Structures are given as structure tokens and as C-alpha cells.
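Okay, everyone, let's take a few minutes for a structure that may be new to you. Have a look at it first, and then I'll walk you through a few spots.

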Amino acid sequence: MAVLGMAVVLLGVLFVGNINGNLVYFLTPDEALAQRADFADDRRFQIGGLVQQDSVESTPDGLRFIVVSGTEPGAAAVPVAYEGSPAQLFRPGIGVVLEGSWNGETFDADTMIVKHDENYRAPDADPTPAPGSAP
């Protein structure tokens, strides 16, 4: 019985440890700015927020844009320099999680995860019947 109990505890520890290794923790722009002193210029972390409307600019190495905590006026904002090709669904107004580090006042990122809607909708069917088909 003791062996079975130890096996269950061991499996539980392995399972919980595996889950924690796969979780993605990130700071919001508010938190990143408030905890800035805790992250030296070369310490990597993840920041997540919304890409601010009208803030995306192409650069030779990637993009520059602003990540905000929300859409309300006065929301915390962090300027981002992203190196590389953006995710396929990247656009203003979408949620992103970026990994990188502070470089002065700018967050330099090299990894991007884009939040997307989990609902798939097939394209709408053409309401016009094809020629020769019955209505």
C-alpha cells in the first residue's frame, strides 16, 4: 500500500511540474512599467497586451509598435521594437504576448505569440444560386 501511495505522489509531482513548465506567464504593460527596476536591461521576460491602433511601423529588421493594457484613454503603453517577421495574424488591435528585454525605454522583442479567436467560421456561402441549379 505504501508503494502505491508513493507512486501516486510521484505521478502527481511529475504531472503538476509538467503543467507549470508549459504555462505562459506574462506581465501587462502596467505591471512591466511598475516592475521595470526588477528587470535589468538584459533580463528577458514576457509582456502581453493589445497592439495600439495606428502605431505599427515597418523597419528594416521588423516592426515598431506600441502595446497597451486596454482600449481606454490613459492605458499604460510600452513601445516595442520587434525583430523578425510578425505572426501571420498580427494587426493593430489584436492581443499579443512578446518575449524580450528592456533596451532603454523600449521593449526589444524577438518572439511573438498572437491571440486569436478560438471560433472557426467557414466562409459564408454565396447566396446567389449557380446557373442551371434549382432554387
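So, which residues does S55 touch, not counting residues up to four places away in sequence? They are R64, F65 and I66, where touching, or contact, means heavy atoms within 4.5 Å.

Quick housekeeping: this is a predicted model, where local features need pLDDT of at least 70, side-chain atom pairs count only at pLDDT 80 or more, and totals for chains, interfaces and linings use all residues. Residues are numbered from 1 along each chain as its sequence is written, and side-chain values use heavy atoms, with hydrogens and water left out.

Back to S55. You'll find S55 in the loop between β1 (45–51) and β2 (57–58); strands here are DSSP runs (E, at least two residues), numbered from the N terminus. S55 counts as buried at 10% relative accessibility; buried means under 20% relative accessible area, exposed over 50%, partly exposed in between, with a 1.4 Å probe and protein chains only. The S55 side chain reaches the backbone oxygen of Q52 at 2.7 Å and the backbone nitrogen of I66 at 3.2 Å.

Now, how many salt bridges does the structure hold? Two, a salt bridge being a side-chain nitrogen of Lys or Arg within 4 Å of a carboxyl oxygen of Asp or Glu. R44 pairs with E99, closest N and O atoms 3.4 Å apart, and also with D110, at 2.9 Å. Through shared partners, R44, E99 and D110 join into one network.

Definitions and conventions. Helices (H or I, at least four residues) and strands (E, at least two) are DSSP runs, numbered from the N terminus. A polar contact is a pair of N or O atoms within 3.5 Å; within protein, one must be able to donate a hydrogen and the other to accept it, and residues adjacent in sequence count only if both atoms are side-chain atoms.
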